[in-house]
Amino acid sequence: MTNEFLNLKIYKMGAKLGLFFNKSIMKKVSLHKGDYIKIHLDYNGKEDTFLSKFNYIITLRTFLIKRLGIKEETMIKIKIEKINFLKRSDSLFRNNKLDLLFLIPLKNRLGFDILIYEFLKNNESWLRVWYCFNRGSCKEIEIKRYVDISRFGKFLGLMQSEGTKKNIDVVEFCNKSIFEHLDFLEYLEEIGISKNEITGKFDYHPKIKEIEKIINDFEIKTKIKIRCIAPGPTSGGGYGFKLIFRSRLFAEIISNSLNFIRKLIKEESDIYQKKLY
């Protein structure tokens with residue numbers, strides 16, 4: 001582990017970009033293969049971080065490459081920090097808020113440990129939720145730790161009634177009402193998911209007219225671009241909009257939350273539990 005920045009070269013690694021740690025650098029950072037680390041990046045005056053497992057070769061995340069404008073065969077400054085992950089909360093509620101750290105499962109459905117790193121963002125506690133495959137590639141999302149109890153309960157209600165159940169690798173919300181979608185986006189923002197991460201789809205029956213006007217109205221009011229338009233046998237010969245957040249990790253957190261809350265509401269409710277439904 002080092003407290004100073006190292007200058008490393010960006011290498012082209014197949015279709016990806018990455019970093020190579022030779023023996024001298026491995027010795028200098030005093031880390032072992034498989035250690036969990038946080039990597040600080042400084043590239044052309046822009047800074048960012050990501051989590052990884054330490055190895056001789058570490059590939060860079062696509063979102064970081066785009067965000068920092070990283071190019072192959074250039075130099076980047078990095079600092080490596082060994083990290084310890086949070087334990088799960090022992091209580092669902094804290095200070096009139098719901099603690100999402102309580103609801104995050106210990107493992108994903110593939111059996112990999114889900115690890116959590118806490119950090120401050122805009123004076124709020126956020127969670128970087130993360131898991132890593134055996135081969136070293138990793139998935140992560142960032143969400144707020146403490147959220148409004150009522151809004152989170154309403155979000156789960158929308159997911160229970162209108163969320164797609166078939167695709168377990170994404171979070172999808174289907175509805176004709178634009179107002180329902182505005183509520184859904186508001187609840188996602190409460191959790192920490194930006195509109196920029198959401199894509200839109202429009203399903204319609206071939207009998208429906210003025211499709212462009214319907215879509216334009218939705219895009220103006222929600223600020224979400226419809227990326228896919230699909231004709232088909234929709235219910236009642238009508239149409240519907242679908243909001244999609246592509247994150248297997250977030251989908252598993254929401255699935256675990258729904259399962260837990262279903263059990264909770266069967267029990268005697270206290271003042272906080274009543275706010276959830």
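Tyr-56 sits in the loop between strand E5 (46–53) and strand E6 (57–59); strands here are DSSP runs of E, at least two residues long, numbered from the N terminus. Keep in mind that this is a predicted model, where local features need pLDDT of at least 70, side-chain atom pairs count only at pLDDT 80 or more, and totals for chains, interfaces and linings use all residues. Residues are numbered from 1 along each chain as its sequence is written, and side-chain values use heavy atoms, with hydrogens and water left out.

**Exercise 1.** Find the order of the 4 strands in the open sheet, and say which strands stand at the edges.

*Solution.* Start with the order: E14-E17-E15-E16, with mixed pairing. (Two strands pair if DSSP finds at least two bridges between them.) Next, look for single partners: strand E14 (171–175) and strand E16 (226–231) have just one partner strand each, so they stand at the edges, and one side of each has no neighbour in the sheet. Now zoom in on E15 (residues 199–204) and E17 (residues 239–245): they run antiparallel and are joined by 6 bridges. Lys-201 stands opposite Lys-242 in E17.

**Exercise 2.** Find the bridge partner of Asn-7 in E7.

*Solution.* First, strand E1 (residues 6–9) pairs with strand E7 (residues 75–82) in the antiparallel sense over 4 bridges. Then read off the partner of Asn-7: Lys-77.
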